[in-house]
Amino acid sequence: MLPNIPDTNFKRVVIVGAGFGGLALAREIAKRDDLQVVLIDRNNYHQFQPLFYQVAMAGLEPSSISFPLRKVFQSKKNVHIRITEVHGVNPDRKSVDTDLGEITYDYLVIATGASTNYFGMKEIEERAIPMKTVSEALALRNRILQNFEDALSVDSDDQREGLMSVVVVGGGPTGVELSGTLAEMRSFILPKDYPELDFSGMQIHLLEGSDKVLGAMSAESATKSKKYLEEMGVIVHTGQVVTGFDGKYVTTKQGLKLRADNLVWAAGIKANPLNGLNPEVIVRGGRIKVDQYNRVEGYDNVFALGDVATMSEGKWENGHPQLAQPAMQQGKALARNVWRVMDGKKAIPFAYKDLGSMATVGRNRAVVDLPFWKFQGFFAWLTWMFVHLMSIVGVKNRVLTLINWVWSYITYDQSLRLILRPKTVATIADKEEKNTEVVQ
């Protein structure tokens, strides 16, 4: 197979990764017709990661928070999308190695994001449930729902408790939001679906290694979110570092032992740099060291942005937060700088504008930290919904998400609790090989 990207007289910008940063850069830079843009990703869609937990908890369909990349660039003839894996970069040849072959570039932008970090704990990596992609969110939904089906058929209280109980590791926004949604399902939805089960035996534990949940937010937000969770029946454990999970018991360094068959891992991430770069530019967490223009140190035409990049700027001495806003701002700034350089102007150093942070705990409960105001409760919940709704790519997706939210708010229910198992479809080559074996 070949990438089959047409040769032109225009400069070619290759963007690896269609997350928040890569997509923001591609949408902005493609406005100029005198650039050729090649966008590479392993998926043919953009994923809205902040709402993965709602897919996992059957609150939203995957299609509501995913948007086809080709739909974004339908009118852009200078944008070429290739769905493939990128294995490394060859700076000397100015190319990247992919499953489709070698793709050359004039400018390379690495926006490969981050993946789940298990901190070297193989036992947990093999058994825990991550939630960094739509596919993993669906897998979590399948697992949780199937466990309730299985709980109907076991003959011991211990087995039933293990199947129904969930331990969430990581007290950041993902862990808090997931725990809160699970607690609401336990209160309003699951008892109606499974009247034969006693949900007083379903334990929801949230474990955080530091001394508070939402550690990156203000003290008021951290305190209030913990109060919300405890009011909803979530058992919050701070100062607990998970060290093991054998499939039945979760253990911590501090000696805590919890009975649960389900461990959801939301405790950390690690960047996904490309092979082939100078190892000296790869720093803590796998992030790539870049200058004030998102240029990888030591390279003139290789850039990195978003979760995979670390830039020392202002008060962000150890890099910007690995969130959507820094990635999107860097993508837009890099596009403007490419234009400026092409027009013979001087590039402008990047400056991150912190717009604040927020997290929802449940129905009518959220916490919001803005640079000029911190608030919690119902208005914070409305603010959270508005900001996330407007951030979703595609008008149709926004409408569908809003309809789901309104329906869920009115009825305290959703109809998306489906166990969908993927089925592998045999290719023509597989069938021919099987037929040949039968003949032999």
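**View 1. Helix 5 and helix 6 lie roughly antiparallel to each other.** This is a close-up of a predicted model. Helix 5 covers residues 134–151, and helix 6 covers residues 157–164. Their axes come within 8 Å and cross at roughly 165 degrees. Angles over 145 degrees count as roughly antiparallel, so the pair of helix 5 and helix 6 falls in that class. Helix 5 passes helix 6 in a left-handed crossing. On the helix 5 side, the contact is made by Asn147, Phe148, Asp150 and Ala151. On the helix 6 side, Arg160, Leu163 and Met164 take part. Sorted by class, this contact has four nonpolar, one polar and two charged residues.

**View 2. Arg160 sits in helix 6.** How accessible is Arg160? Its relative accessibility is 21%. Buried means under 20%, and exposed means over 50%; Arg160 therefore counts as partly exposed. Leaving aside residues up to four places away in sequence, Arg160 touches Ala151, Val154, Asp155 and Leu197. For a sense of scale, take Arg160 and Gly394, which are 234 residues apart along the chain. Their C-alpha atoms are separated by 42 Å.

**View 3. Helix 1 packs against helix 9.** Helix 1 spans residues 20–29, and helix 9 spans residues 324–342. The two pack at an angle of about 30 degrees, with their axes 7 Å apart. Under 35 degrees counts as roughly parallel, so helix 1 is roughly parallel to helix 9. The crossing of helix 1 and helix 9 is right-handed. Helix 1 makes the contact through Phe20, Gly21, Ala24, Leu25, Glu28 and Ile29. Helix 9 brings Ala324, Ala327, Met328, Gly331, Lys332, Leu334, Ala335, Val338 and Trp339. By class, the contact of helix 1 with helix 9 has eleven nonpolar, two polar and two charged residues.

**View 4. Three strands form an open sheet in the order 6-7-8.** The pairing is antiparallel. Which strands lie at the edges? They are strand 6 and strand 8 (101–104), each pairing on one side only. From one strand to the next, the twist averages 25 degrees. Strand 6 and strand 7 are joined by four bridges. Among the residues of this pair, Val86 has Thr98 of strand 7 as its bridge partner.

View 5. Asp92 has 81% relative accessibility and so counts as exposed. Lys94 reaches 31%, so Lys94 counts as partly exposed. Most residues other than glycine have a negative phi. Lys94 is not a glycine, yet has a positive phi of about 55 degrees. From Asp92 to Met185 the chain covers 93 residues in sequence. In space, C-alpha to C-alpha, Asp92 and Met185 are 54 Å apart.

**View 6. Phe119 has a positive phi although it is not a glycine.** The angle is about 55 degrees. Phe119 is found in the loop between strand 10 (114–116) and helix 4 (122–127).

**View 7. Strand 22 joins strand 23 in an antiparallel hairpin.** Strand 22 covers residues 357–362. Is strand 22 largely enclosed or open? Five of its six residues are buried, so strand 22 is largely enclosed by the rest of the structure. Five bridges join strand 22 to strand 23. Gly362 stands opposite Arg365 in strand 23. Two residues lie between the strands of this hairpin. In the hairpin, Asn364 takes a positive phi near 65 degrees.

**View 8. Strand 23 and strand 24 form a hairpin.** Strand 23 spans residues 365–370, and strand 24 spans residues 373–376. Two residues lie between these strands. Strand 23 and strand 24 pair in the antiparallel sense over four bridges. Val367 has Gln376 of strand 24 as its bridge partner.

Notes: Residues are numbered from 1 along each chain as its sequence is written. This is a predicted model: local features need pLDDT of at least 70, side-chain atom pairs count only at pLDDT 80 or more; totals for chains, interfaces and linings use all residues. Side-chain values use heavy atoms; hydrogens and water are left out. Axes are lines fitted to C-alpha atoms, for helices over the stretch in contact, and angles run from 0 to 180 degrees between N-to-C directions. Angles under 35 degrees count as roughly parallel, over 145 as roughly antiparallel, 65 to 115 as roughly perpendicular and the rest as oblique. A crossing is left-handed if the near helix is turned anticlockwise from the far one by less than a right angle, and right-handed if clockwise. Contact means heavy atoms within 4.5 Å. Ala, Val, Leu, Ile, Met, Phe, Trp, Tyr, Cys and Pro count as nonpolar, Asp, Glu, Lys and Arg as charged, and the others, Gly among them, as polar. Buried means under 20% relative accessible area, exposed over 50%, partly exposed in between (1.4 Å probe, protein chains only). Two strands pair if DSSP finds at least two bridges between them.
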